[in-house]
Amino acid sequence: MRGDDQIEISGIRRQKLLAALLLQANQVVSLGRLVDAMWDDKPPASAHGQIRICVSGLRRLLRGREQDSVIETHPSCYRIRVRDDESLDLFTFETLVAQGRAMVRDNQLERAEGLLKSALALWRGPVAAGLDSRALASLVVGLNEDRLTVKEEYFDVTLKLGRYQQIIGDLTAFVAENPFRERACAQLMLALYHSGRQADALETFRTARMRFSEDLGIEPAQDLHVLHQSILDGRLSLTESLPRDVLAPLPPRSRGQQGRTSGVALLARTSPNTVASDPLEQLRLENDQLRVERDGLRNILSLWLNSDECNPGA
């Protein structure tokens, strides 16, 4: 954009070049990386010359009233200069997210919700949509993950404000598009439960568990099971927005004197007396560790069954 006028960037090569430079704004980008962005691993012999032609065309389009170009030439490299955060929507997004997180820390949830919502509204689709380039795709992986994380943070704030029914639709769509994000599944369960839809909250868990089992061959994180059990038992008060202990691991059950002596044990990720300050964040962080633990279950089971101390009646 130049003021209120939209600048049309015609040609797929110019679009790829501009995307590659803006995704690395204010950084020097080598000709080799630009070649990869435009042609992947099949560049023509004239690749460097074509890039120079594209850069020249972009300079004319972006110069505007200024004499200096926003695209600088360095030895075998180029750099696009972005002077302020408002010049690039990616920078604006990052600024709004930082401000929103600061408001969360200050417990100013109304302002945090507005800032995070404004940040997410900047997204009009996937980054570099329609540009078929493996090199560009690798640059945008982290950005798309950032968007999903901020979306979950926005849902957290909205839940804490008690706006359960207002976000059920958005949460349902988000979970459908990202079915293996357990934090979002937990958020949807909470929103449904606090909207008086306990059966739908339980069905959300059953659907997620079946999807994990059939597609990945694993169980959802333990904390999601604990939340499911809490809803099943009616241990969540409908007047609470986000119970601090809803996703805390349950204390290990005592097996009594008749139980076998454990030869192998998994260390508890969280002490039974520990209360997470952000239970949904804990769910996300513990998910990776849960995967590591699960990888060792077969070995643990084998040791358990083959142990000389094993109770034959177990």
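This is a predicted model: local features need pLDDT of at least 70, side-chain atom pairs count only at pLDDT 80 or more; totals for chains, interfaces and linings use all residues.
Now look at β2 and β3 together. Strand β3 covers residues 77-80. Four bridges join β2 and β3, in the antiparallel sense. If you want a residue pair to find on screen, take Glu72. Its bridge partner in β3 is Arg79.

On to the charges. Side chains of opposite charge can pair when their charged atoms come close. How many salt bridges does the structure hold? The count is 15. I'll go through three of them.

First up, Glu153 and Arg101. Their side chains meet in a salt bridge, at 2.9 Å from N to O. Glu153 is in helix α6, residues 134-160, and Arg101 is in helix α4, residues 89-105, so this pair ties together parts that are 52 residues apart in sequence. Buried or exposed? Glu153 has 18% relative accessibility, so it counts as buried; the cut-off is under 20%. Arg101 is partly exposed, at 35%.

Next, Glu152 and Arg181. This is a salt bridge too, with the closest N and O atoms 2.9 Å apart. Glu152 lies in helix α6, while Arg181 is in the loop between α7 (164-177) and α8 (182-194), so the pair ties together parts 29 residues apart in sequence. Glu152 is buried, at 1% relative accessibility. Arg181 is buried as well, with a relative accessible area of 14%.

That pair also belongs to a network. Which residues are in it? Salt bridges link Glu145, Glu152, Asp156, Arg181 and Arg183.

Last pair: Arg206 and Glu203. Their closest N and O atoms are 3.2 Å apart, in a salt bridge. Both sit in helix α9, residues 198-216. They are three residues apart there, so about one helical turn separates them. Arg206 is partly exposed, with a relative accessible area of 42%. Glu203 is partly exposed too, at 39%.

Terms used: Residues are numbered from 1 along each chain as its sequence is written. Side-chain values use heavy atoms; hydrogens and water are left out. Two strands pair if DSSP finds at least two bridges between them. Helices (H or I, at least four residues) and strands (E, at least two) are DSSP runs, numbered from the N terminus. A salt bridge is a side-chain nitrogen of Lys or Arg within 4 Å of a carboxyl oxygen of Asp or Glu. Buried means under 20% relative accessible area, exposed over 50%, partly exposed in between (1.4 Å probe, protein chains only).
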